[in-house]
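Hi everyone, thanks for coming. Please have a look at the model on the screen, and then we'll walk through it together.

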Amino acid sequence: MRSIIRLVWFDLKHELSPPVWIIFEWAGFALQLYIYGALISQLVTTMTDYLQFYAVGFVVMMTFEIGSHTGRHFVEHAHEGRLPYLLSLPIPRWKLFLAQALQGGTELALMITLPLVVTLAVIGNFTLISVAAAVGTLFWLGFGVAGLMLGLSFIAFKSSDVYSAIVSALSTLIIRFSTVLYPFIFLPPSYASAAFFSPLTYGADLVRLFLGFDPGILLDPRYAVAALAALAVSTLGLGVFLLQRLVEGVKSG
Amino acid sequence: MKELSRILQLARNDFSYFFRTKWLMAVLLSLHLSDMLVVALVYGKLMSFNYFRFFVPAVVVMGLFSASLDTGRRIWLAIREGVIQYYLSLPISTFGVVAAYLLAGGLASIVYSTSLLLIALLVLPAQAVWSTFAILPFLFVLAMGLAGIAATLAALASTHGEYFFAYQQMVQVTLLALSTVYYPIETIRSYLPSFIVPAVAANPLSLAAEAIRQFAFEGAPIQPSFLLSMILMGVPFALLGASAYAMVLRNLRVKGKL
């Protein structure tokens with residue numbers, strides 16, 4: 001366990017001394033919520049309180065960005081030649097994978113704690129159980145997204161530049177074609193079918209359901225639970241497989 | 001004359017680097033096209049006014065802004081990777097290097113945003129297409145000003161390189177949020193304190209968005225005073241960025257490091 005903690009701290013200490021990134025993330029959230037979100041909600045007339053809807057959506061977006069960052073970081077490390085060093089350490093690969101997952105989880109916890117507290121304050125109506133369920137969903141989504149980015153790393157075997165391009169473009173489309181910013185019922189039919197493929201649609205709607213939003217504007221929670229479970233299990237499984245068998249194939253330099 | 005030709009050569013090199021960066025192109029195009037064709041359309045259904053008509057011209061400005069800000073990343077990268085040491089060894093003045101970067105930043109922004117503008121013209125009927133091309137030179141000056149802001153950030157972060165992206169993100173979010181890119185000035189006036197409203201109206205992004213909306217898409221006659229205000233906002237920022245970057249280069253030339 002000590003070696004796992006040491007590995008987690010090895011990466012995390014750069015972000016915590018000083019914690020500039022975390023403070024900037026929080027400041028960015030405050031600006032987005034209290035200026036952009038508040039002003040856009042003045043313009044939205046078809047929903048009673050769009051600010052609440054947007055606040056949850058923004059926390060889900062942050063979760064996606066942090067999960068995505070964890071997965072991509074791992075591949076970038078491979079290209080920068082840091083991964084071969086980690087692989088040469090006297091620790092089994094499952095520990096290395098666990099350390100990456102824990103690091104991602106810790107980063108996620110540090111980054112979204114304050115935004116989530118503010119979001120809960122904006123919503124106002126919640127219970128301890130609903131908050132715990134929402135937090136659980138966010139972490140499950142974060143692990144799934146990190147696994148997805150790791151799973152796509154096979155592209156990096158050919159070219160890291162193409163990997164960065166595909167993953168960056170995909171991230172934008174996953175957010176736009178989802179229910180993070182707008183309810184599913186307002187999506188045109190052609191966009192709605194694309195939204196079914198975005199994990200954020202299920203993550204955002206499930207978190208909103210737990211936080212007491214009108215189920216009429218959300219997707220069926222059974223689909224959301226099934227989709228998020230399938231995403232996390234399949235992509236993390238693929239990540240474990242890649243780390244065990246294929247990771248040496250990533251080109252350095 | 002030789003100096004000018006070298007400035008143009010260096011600017012061409014930096015300009016082509018912007019378009020050759022695959023991941024950047026993927027991010028910018030996916031972001032702006034999805035903003036234009038997805039976000040604008042869906043938000044339009046949530047609002048009681050034609051948000052698509054309001055927001056599509058603003059996406060062109062967002063493209064102009066993002067491309068301008070990338071000048072800062074290229075300066076930051078040149079400092080970090082030592083390319084700048086090579087540039088300083090070339091037979092070109094410090095001023096020439098600075099001018100080349102700002103010129104390339106402005107040009108890359110205008111080329112990239114013009115491509116978005118052409119797409120905007122396809123999806124949204126414009127009342128005065130020729131006015132669009134008439135305001136492009138003024139948008140270029142504004143883009144150089146925005147590139148100047150990016151250069152200032154890169155200069156500020158030259159000794160703490162890793163903070164550059166944090167500065168850039170904060171400036172980007174703040175300037176966009178406090179502009180009329182996403183919402184009309186009336187909404188801002190009704191929600192934000194009154195002392196902020198003039199700053200929002202004078203924001204370079206608000207000026208660019210209003211120019212494209214009014215003169216190109218609404219077909220209002222071009223007002224010379226409005227175009228003058230675009231120049232008056234663009235030039236000081238370009239000069240600020242040029243001074244900050246020149247100062248960094250001078251330190252580098254004298255001390256050999258930052």
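In chain A, where is confidence lowest and where is it highest? The lowest mean is 77, in helix α4 (residues 82-88) of chain A, and the highest is 93, in helix α9 (residues 199-210) of chain A. Confidence here is pLDDT, the predictor's own score for each residue, from 0 to 100. Helices are DSSP runs of H or I with at least four residues, numbered from the N terminus. Chain A averages 84, and 92% of the residues score at least 70.

This is a predicted model, where local features need pLDDT of at least 70, side-chain atom pairs count only at pLDDT 80 or more, and totals for chains, interfaces and linings use all residues. Residues are numbered from 1 along each chain as its sequence is written, and chains are lettered from A in the order in which they are written.

Now, the two chains. In chain A, 34 residues are in contact with 29 residues of chain B; contact means C-beta atoms, placed from the backbone, within 7 Å. On chain A's side, α2(A) gives the most, with 14 residues. By class, that side has 24 nonpolar, eight polar and two charged residues. Nonpolar means Ala, Val, Leu, Ile, Met, Phe, Trp, Tyr, Cys and Pro; charged means Asp, Glu, Lys and Arg; the others, Gly among them, are polar.

Finally, chain B. Helices α3 (residues 51-81) and α7 (residues 164-177) of chain B pack at about 170°, with axes 11 Å apart. Axes are lines fitted to C-alpha atoms over the stretch in contact, and angles run from 0 to 180 degrees between N-to-C directions. That makes α3(B) roughly antiparallel to α7(B), the word for angles over 145 degrees. Here B:Leu69, B:Gly72 and B:Trp76 of α3(B) meet B:Phe164, B:Gln168 and B:Gln172 of α7(B).

Definitions and conventions: Contact = placed C-beta atoms within 7 Å. Helix = DSSP H or I, 4+ residues; strand = E, 2+ residues; numbered from the N terminus. Parallel < 35°, antiparallel > 145°, perpendicular 65-115°, else oblique.
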